[in-house]
Each structure stands twice: as C-alpha cells, then as structure tokens.
Amino acid sequence: MDYNVELYLAIGGREALRPVITRFYAHMAADPWLGRWFEGIDLGDQARRLENFLCSGAPGEPHYVRNYPMIAHAHMYITRPMIKTRMRLLRRAIEELGHSPEVVRLWLKTDALWHSAVVKDSPQDCRPEAVGKPLKVIGEPPA
Ligand code: HEM
C-alpha cells in the first residue's frame, strides 16, 4: 500500500488530515526563513493542494490532477537544510494536534518520499522553464 494511503487510513481520512495541513502551513508561513516562500501564496489553496495530493489513491478519493512535486517546485531552489526545517514544522503540527507517534512516523515517511524530487544542490539545478515561472531563491536563514 502507498505510504500516503497508509497515513490516510491511520489518521482517519481527509477530515483528520485537514487541520494538520492547515497548521503546518501556518507554521511554514510564520517561519522567519521558510516563510519567504509563501509570500503572495494563498495558504488556503496551498493547503487544499497538499490535502488532495495526500488523499490521492485512498479509497473513494479522486486522483490528484495537479503538478507532482518535481514539477511544482522546479523553479524553487530548495536545499537540504530547508527540508530539515520543513520536517521539524510538520512534526510539530502533527504532535500539536495530539496524533500518535505512528501517525508522525507515517507522515514523515510519506513526506520523505518526495524530498529528492524537490531538493537541489545549486540554483543551476532549477528548471523554471518546466513550470513557466521565474527562478525563486530565498537565500540563507536570517542571522
Ligand atoms: C522545504 C521544502 C518545501 C517548500 C519550501 C515548499 C514550498 C511550496 C510552495 C511555495 C508551493 C507553491 C508553488 C507555487 O504555487 O508557485 C508548493 C507547492 C506544492 N508543494 Fe511544496 N514545498 C516543499 C516541499 C514539498 C514536499 C516534500 C512535498 C510533497 C509532499 C510538497 C508538496 C507540494 C504540493 C502538492 C504543491 C502543490 C502543487 C501544485 O498544485 O501545482 N512540497 N510548495
């Protein structure tokens, strides 16, 4: 079974995923570093997209029809330290909503499946032309 479907069943479906995702993006947007990615992004839309992505393939759920992570982030210079911060904020959102260690484990495992699709070693590895968006680089974390 796909990890996201395992997560979906363990947490109790779409309605249980939703508040975690909302909280997770609130943490991302409020973060002094990663928040720079979300300037001008509608967090409600963003949350719905990740929700649809994570529900895809679960019983009775529609297929995901938007861009997969490799394309969706092709214009973004995302680094490994950014992924580390994402994981910390994701774990925090899941735990704040009182979910079990098993749900934390499954969610972090699902997320990790996509890390190599979004991480780049240099801005030259970005492919903004693949998404028709300008290259986006947010720089180093604030001191
Ligand atoms: C630090 C790492 C990441 C950052 C900073 C980040 C940030 C973003 C941003 C800013 C967007 C909106 C892009 C736009 O509209 O131009 C986006 C879209 C999206 N991200 Fe991420 N992301 C990260 C990692 C991931 C990972 C690992 C996944 C997979 C679980 C993921 C799933 C998605 C999805 C499904 C969308 C919507 C794509 C679409 O509808 O076209 N992201 N992300």
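Student: Which of the 22 residues around the ligand come nearest?

Tutor: Phe53, Arg66, Asn67, Ala72 and Trp114 come nearest. Keep in mind that this is a predicted model.

Student: How do the residues of the shell divide into nonpolar, polar and charged?

Tutor: There are 13 nonpolar, 4 polar and 5 charged residues in the shell.

Student: What makes up the secondary structure of the protein chain?

Tutor: It comes to 8 helices and 0 strands. Read from the N terminus on, the elements run α-α-α-α-α-α-α-α.

Student: How do you know whether the radius of gyration of the protein chain agrees or disagrees with that of a compact globule?

Tutor: Set the value against the rule. For 143 residues, the rule puts a compact globule near 15 Å, and the protein chain has 15 Å, so the value agrees. Along the principal axes, the C-alpha atoms fill a box of roughly 40 × 35 × 25 Å.

Student: What share of the contacts with a separation of 6 or more joins residues 24 or more positions apart?

Tutor: In the protein chain, that share is 74%.

Student: What percentage of the 143 residues counts as buried?

Tutor: The figure is 19%. To be buried, a residue needs 20 or more other C-beta atoms within 10 Å of its own.

Student: Which residues of H2 are called buried?

Tutor: Leu17, Val20, Ile21, Phe24, Tyr25 and Met28 are buried in H2. Seen down the helix axis, they fall within an arc of 135°, so they line one face of H2. On the other side of H2, Glu15 and Ala30 are exposed. For that label, 12 or fewer C-beta atoms may lie within 10 Å. The cover over the buried residues of H2 includes H1 (3-11), H3 and H5.

Student: How do you know what span to expect for H2, at 1.5 Å a residue?

Tutor: Multiply 1.5 Å by one less than the number of residues. H2 (14-30) has 17 residues, for which 24 Å is expected, and the helix reaches 24 Å from its first C-alpha to its last. For H3, with 13 residues, 18 Å is expected and the helix reaches 18 Å.

Student: Which residues of H3 are buried?

Tutor: Ala47, Leu54 and Cys55 are buried in H3. Their arc around the axis is only 95°, which puts them on the same side of H3. H1 and H2 are among what covers the buried residues of H3. After H3 comes glycine 57, with a positive phi near 95°.

Student: Which residues of H6 are buried?

Tutor: Val103, Leu106, Trp107 and Asp111 are the buried residues of H6. Down the axis of H6, they fall within an arc of 135°, so they line one face of the helix. The face turned away from the buried side of H6 carries the exposed residues Pro101, Glu102 and Ala112. The cover over the buried residues of H6 includes H1 and H5. As for its span, H6 (101-112) has 12 residues and reaches 16 Å, close to the 16 Å expected.

Definitions and conventions. Residues are numbered from 1 along each chain as its sequence is written. This is a predicted model: local features need pLDDT of at least 70, side-chain atom pairs count only at pLDDT 80 or more; totals for chains, interfaces and linings use all residues. A residue is near a molecule or strand if its C-beta atom, placed from the backbone, lies within 6 Å of it. Ala, Val, Leu, Ile, Met, Phe, Trp, Tyr, Cys and Pro count as nonpolar, Asp, Glu, Lys and Arg as charged, and the others, Gly among them, as polar. Helices (H or I, at least four residues) and strands (E, at least two) are DSSP runs, numbered from the N terminus. The arc is that of the directions from the helix axis to the C-beta atoms. Two residues are in contact if their C-beta atoms, placed from the backbone, lie within 7 Å. The radius of gyration is taken over C-alpha atoms; the globule rule is 2.2 Å times the number of residues to the power 0.38.
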